[in-house]
Amino acid sequence: MADQIEVDSNAYSDSVYGTSSEYSTESLSSSIYLLDLVHHICLLMLKNKLHLSPIGKNPQRILDIGTGTGIWAIDAGETYPSATVTGTDLSPIQPSWVPPNVSFQIDDAESDWTWPPNTFDFIHIRHMTGAIKDWRMLINQAYKHVKPGGWVEINEFDIRLYSDDGTLTEETHIWKFYDLVNKAAAKAGREFSISAKLRPFIEDAGFENITDRMLKLPLNTWPADKAQKELGAYFLLTAQSGFEAFGLALLTRQLGMTPEEVRVLTDGSKKDAKNRNIHSFAKQ
């Protein structure tokens, strides 16, 4: 279990993003594109590492499942010039100018993989929660296609919020938002709270040397530690930008809420997210 995050004693609820703040929305938006914020957050959480698996200095074949904008695959290609890096995704949103050892393919990770068995030294799977219906099948495919002695790393968020001190309660809008979104996703057949349930699938597939690691990601700048405060600032930016886009379709289609009801919930969640008296965090 990760240690409890120390609270900044100077934190208070109505002054979070002033114009002079080093973590203002404006400064964050100018420093990194919103679509790649999650990648930046992961780098911060992993102390500027692309992964935790001990893959060595000269891997030959790397696969990035659900590559999105391709930013992880591009960074991996630059970090490991010895490797051929392949990124796959359903959406062709990756850039055309990439390192010569990086390529992208439009592919469904839940379809049968077309590579021969034992192809890859390292398979990277990140933030596929909500996109995968059959995690057991995906993990079995990864086991089949990684080389003996190779590594598979799965990095998933638990799409819920927690607090160690009881400041996040069921009465808050933001707790209700995450609760309802999880219920809607489960109803749609794409469970969000999956990260803690993956180990049995990994063990059953035949993997060895399995390591679990849980990190806390604070929401907004309430932590005392500077690095945690920075993480919280970036997480807050993604949350504020994504509440309605993330929840509107799920809540209206799966739970029958009206757009106005969702808007009231997301507006309240944005206020709660900025409230530094609520010491909430996500688990990754």
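Q4, I5, V7, D164, D165, W222, H279 and F281 together line the largest cavity in this structure. The model is a predicted one, so read what follows as computed geometry. About 50 Å³ of space lies in that largest cavity, and the structure holds 1 cavity of 30 Å³ or more. Sorted by class, the lining of the largest cavity comes out as 4 nonpolar, 2 polar and 2 charged residues.

Now for the open spaces. The second largest pocket holds about 1,100 Å³. It has 35 lining residues, and the ones closest to its centre are I154, I202, I210, T211 and D212. Two elements give two or more residues to this lining, namely β5 (146-155) and α6 (199-205). Which element supplies the largest share of the lining of the second largest pocket? That would be β5, with 10 residues.

On to the helices. Two packed helices are described by the angle between their axes and the distance between the axes.

| Helix pair | Angle between axes | Distance between axes |
|---|---|---|
| α2 (37-45) and α7 (226-255) | about 160° | 10 Å |
| α5 (173-187) and α7 | about 50° | 9 Å |
| α5 and α8 (259-274) | about 125° | 7 Å |

Take α2 and α7 to begin with. Their angle is about 160°, and an angle over 145 degrees counts as roughly antiparallel, so α2 and α7 are roughly antiparallel to each other. Their crossing is left-handed. On the α2 side the contact is made by L37, H40, I41, L44 and M45, and on the α7 side by E230, L231, Y234, F235, L237 and T238. Those contact residues split into 8 nonpolar, 2 polar and 1 charged.

Helix α7 also packs with α5, at an angle of about 50° and with the axes 9 Å apart. That angle makes α5 oblique to α7. This crossing is left-handed too. From α5 the residues involved are I174, F177, Y178, L180, V181, A184, A185 and K187, and they meet F235, F243, F246, G247, L250, L251, Q254 and L255 of α7. By class, the contact of α5 with α7 has 13 nonpolar, 2 polar and 1 charged residues. F235 is worth a look on screen, as this α7 residue turns up in the contact with α2 and again in the contact with α5.

Then there's α5 with α8, where the axes are 7 Å apart and the angle is about 125°. That makes α5 oblique to α8. Is the crossing of α5 and α8 left-handed or right-handed? It is left-handed. H173, I174, K176, F177 and L180 of α5 meet V264, L265, T266, G268, S269, D272 and A273 of α8.

Last stop, a loop. I93 sits in the loop between β2 (84-89) and β3 (102-106). Setting aside its neighbours within four places in sequence, I93 is in contact with G68 and T69. I93 and F104 are 11 residues apart in sequence, and their C-alpha atoms are 9.7 Å apart in space.

Conventions
Residues are numbered from 1 along each chain as its sequence is written. This is a predicted model: local features need pLDDT of at least 70, side-chain atom pairs count only at pLDDT 80 or more; totals for chains, interfaces and linings use all residues. Side-chain values use heavy atoms; hydrogens and water are left out. Axes are lines fitted to C-alpha atoms, for helices over the stretch in contact, and angles run from 0 to 180 degrees between N-to-C directions. Helices (H or I, at least four residues) and strands (E, at least two) are DSSP runs, numbered from the N terminus. Angles under 35 degrees count as roughly parallel, over 145 as roughly antiparallel, 65 to 115 as roughly perpendicular and the rest as oblique. A crossing is left-handed if the near helix is turned anticlockwise from the far one by less than a right angle, and right-handed if clockwise. Contact means heavy atoms within 4.5 Å. Ala, Val, Leu, Ile, Met, Phe, Trp, Tyr, Cys and Pro count as nonpolar, Asp, Glu, Lys and Arg as charged, and the others, Gly among them, as polar. On a 1 Å grid over the protein atoms alone, a cavity is a set of points where a 1.4 Å probe fits but cannot get out, and a pocket is an open set with protein on both sides within 12 Å along at least five of seven lines; lining residues have an atom within 4 Å of a point. Grid points are joined across faces, edges and corners, and a volume is the space filled by probe spheres set on the points.
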